[in-house]
Amino acid sequence: MAEEFDIAAMRRALALARRGLGLTSPNPPVGAVITLKGRIIGTGWHRRAGEAHAEIEAINDARKKKRDLCGATLYVTLEPCCTHGRTPPCTGAIVREKFSRVVIGCLDPNPKHAGRALPLLQGAGISVTEGVLREECCWLIRAFAKHITTGLPWVVAKLAMSLDGRIAPAPGRSRVLSGPEAHRFAHRLRLESDAIVVGAGTVRADDPALTIRHVRCPAHKAQPWRIILTRSGDIPASARVLRDEHRSRTMVVRSSPWPRLLKKLGAEGVQNVLIEGGGKTVAGALEAAVVDELHLIVCPVVLGGPAQAVALEKWLKVPPKARLLRPRRLGGDVLVSAVLARDFLQVQSRAFLAKQPGSEFSEND
């Protein structure tokens, strides 16, 4: 029964942490729950870098309810910080509040911090349990974990395509393939990203804004960097990405090897990159083996004719370690996804496939 309660409380903490996806960079999203005598008395999640961490949010929430924290249990998705950064260490607050137990989802992947909080808490007489829903908690911070351990961003690729494998209609026809729910999913990916990459052909053909819309976006969330890849540099001066209010966050980059580009972005603090197209740009990233997560939105239309096609048999070669995911309905469209991360994501990838409440996908049977 105690184990079931721990799992339920950690799931609640995970649900809270997901509210911070895309909003906490360069920090990871974290959620926390405080319980006493089998009841939740405080909850919190990290909302923004520089502001209170999830543990402190939960403590403050319990205090507002005038609850005594002595003897309480703290559930937190990520190991509490034990060093002073932009905010004081959470371990100090946990000790001062006289918690009797701390339950941790996963350890901090930062090699400088990993595991350091546990002996500090135990030395203060606090019981520590680590690894409850570890896989789910690791998956939640995948972008932060890859960046802090390799210096490279987590790379997500997304394409919408017709049933006959085409990503663009013939000239003169509407270029909108997917429906409203698929659009919201795409903008959710943008919200969770630090940078969006497209090819110059996409800019010339669609004149996209590449901004976050159709989903709730806090005012403090900066629009993602817009990276335009080009061989010739011929981006129309009228393009929205060069003229709108976010034009200072547009970068036109002459074509360079993907590893070099991602290394540069990672050095600038970019943790999560979304590649939105077009087909050649996504194909190049797949061929370079830099894509960690792939989403294909399949739309119930047949375009035919001389429209641009995606040669799936040539470039969508899912490596042996890839995890194909069960298709998900997005209104009238179908989302087909895979985890392509190779060496970095092993244990963590199973969390993305786990059949747990709140998970976006589940593994193919």
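Two strands count as paired if DSSP finds at least two bridges between them. The model shown in these views is predicted.

**View 1. Five strands form an open sheet.** The strand order is β2-β1-β3-β4-β5. The pairing is mixed. Strands β2 (39-45) and β5 (127-130) stand at the edges. Each has a single partner strand, so one side of each is left without a neighbour in the sheet. On average, neighbouring strands of this sheet are turned by 15 degrees against each other, direction ignored.

**View 2. β4 pairs with β5.** Strands of a sheet pair through backbone hydrogen bonds, either parallel or antiparallel. Here β4 (residues 101-106) and β5 pair in the parallel sense. Four bridges join them. Look for Val103: its bridge partner in β5 is Thr129.

**View 3. Strand β6 is mostly covered.** How many of the nine residues of β6 (residues 154-162) are buried? Nine of the nine are. In a regular strand the side chains alternate between the two faces of the sheet. From β6, Trp154, Val156, Lys158, Ala160 and Ser162 point one way. Val155, Ala157, Leu159 and Met161 point the other way.

**View 4. β6 pairs with β10 and with β11.** Strand β10 (residues 272-277) pairs with β6 in the parallel sense over four bridges. Ala157 has Ile275 as its bridge partner in β10. Strand β11 (residues 293-299) also runs parallel to β6, joined by seven bridges. Met161 stands opposite Val298 in β11.

Key:
Residues numbered from 1 in each chain as written. Predicted model: local features only at pLDDT ≥ 70, side-chain atom pairs only at ≥ 80, totals over all residues. Heavy atoms only, no water. Helix = DSSP H or I, 4+ residues; strand = E, 2+ residues; numbered from the N terminus. Axes fitted to C-alpha atoms, helices over the stretch in contact; angles between N-to-C directions. Buried < 20%, exposed > 50% of the residue type's maximum accessible area, 1.4 Å probe, protein only.
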